[in-house]
Amino acid sequence: SDGMGSGDKAREESRSTVKLIEDLLEIGFSRDLTFKTVNTVMQLRSCEETFATVDLALVDLIDGDVEICKIGAAPTFLKRGKQVKELSGSSLPLGILADVEMVTKVEKLVDGDILVMLTDGISEAGVKINNSPNWVKKKLLGINHCHPQIIADSLLEEACLRDKKRVLDDMTVIVCKIVSLHNSMETMN
């Protein structure tokens with residue numbers, strides 16, 4: 001989640017949005033009801049305008065499907081070998097409209113896939129200066145490492161350099177590597 005603005009207020013908005021989504025999903029709310037509830041809470045909570053993007057990855061650990069739910073969020077990237085697929089959608093963040101607009105993408109994950117989720121502070125870094133909106137995809141294509149922390153650090157470092165070492169917006173990047181336990185168990189036998 002990425003709260004409106006930057007700094008402490010945006011961080012707290014993000015934190016409370018994620019916590020509420022986690023709590024509602026854990027007690028058994030459906031995905032749609034969860035988002036509707038969080039949206040209503042955000043609209044009622046404050047006289048001030050409060051918005052938050054949501055980028056949720058629901059992974060089926062049995063068959064490897066991932067459902068990416070995007071509400072006003074920056075693109076998500078799926079790196080498989082030498083290919084990078086951008087998963088994006090256009091919708092408004094939570095807290096703006098009475099009805100939740102969500103874009104959903106479903107992908108089949110395989111062993112070794114890298115899933116990259118980030119906020120617009122990363123994806124839009126330096127775009128005004130360098131006029132290169134697809135820089136994240138190009139950077140991911142050039143990274144030969146498959147360790148999630150190295151990939152996350154590379155993206156964060158590049159984002160900071162692109163804005164001439166000034167952080168203009170909150171920056172969050174989450175990188176997950178898919179490891180099939182089934183394949184791991186076969187190699188151990």
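Which residue in β7 is the bridge partner of T76?

1. The bridge partner of T76 in β7 is M117. This reading comes from a predicted model. T76 sits in a pairing of strand β4 (residues 76–80) with β7, which run antiparallel and are joined by four bridges.

2. Strand β7 (residues 114–118) also pairs with strand β8 (residues 173–177), again antiparallel, through five bridges. In that pairing V116 stands opposite V175.

3. How many of the five residues of β7 are buried? The count is five of five, and the strand is described as mostly covered. In a regular strand the side chains alternate between the two faces of the sheet. In β7, I114, V116 and L118 lie on one side, L115 and M117 on the other, and both faces are covered.

4. An open sheet has four strands in the order β1-β2-β3-β6, with antiparallel pairing. Because β1 (2–3) and β6 stand at the edges with a single partner strand each, one side of each has no neighbour in the sheet. Within this sheet, six bridges join β2 (residues 52–59) to β3 (residues 65–71). L56 has C69 in β3 as its bridge partner.

5. Helix α1 (residues 8–26) lies across β1 and β2, and runs at about 35 degrees to β2. E13 belongs to this helix. Is E13 buried or exposed? E13 is buried, because its relative accessible area is 10%, below the 20% cut-off for that class. Apart from neighbours within four places in sequence, E13 is in contact with G3, M42, R45, T50, F51 and A52.

6. E12 is partly exposed at 42% relative accessibility, and R15 is partly exposed at 48%.

7. The side chains of K108 and D65 meet at 3.3 Å, N to O. K108 is in β6 and D65 in β3, so this pair ties together parts 43 residues apart in sequence. K108 is partly exposed at 43% relative accessibility, as is D65 at 25%.

8. The other pair is E107 and K85, whose side chains meet at 2.8 Å, N to O. Since E107 lies in β6 and K85 in β5, parts 22 residues apart in sequence are tied together. E107 counts as buried at 14% relative accessibility, whereas K85 is partly exposed at 42%. Elsewhere, salt bridges with shared partners join R31, D32 and E67 into one network. The whole structure has eleven salt bridges.

9. L92 is in the loop between β5 (83–87) and β6 (103–108), and counts as partly exposed at 39% relative accessibility.

10. For the protein overall, the secondary structure comes to seven helices and eight strands. Of the 189 residues, 37% are buried. The accessible surface is about 10900 Å², with 55% belonging to carbon and sulfur atoms. Among contacts between residues at least 6 apart in sequence, 63% join residues at least 24 apart.

Note on methods. Residues numbered from 1 in each chain as written. Predicted model: local features only at pLDDT ≥ 70, side-chain atom pairs only at ≥ 80, totals over all residues. Heavy atoms only, no water. Helix = DSSP H or I, 4+ residues; strand = E, 2+ residues; numbered from the N terminus. Buried < 20%, exposed > 50% of the residue type's maximum accessible area, 1.4 Å probe, protein only. Pairing = 2+ DSSP bridges. Contact = heavy atoms within 4.5 Å. Axes fitted to C-alpha atoms, helices over the stretch in contact; angles between N-to-C directions. Areas by Shrake-Rupley, 256 points an atom, 1.4 Å probe, with all protein chains shown as cover. Salt bridge = Lys/Arg side-chain N within 4 Å of Asp/Glu carboxyl O.
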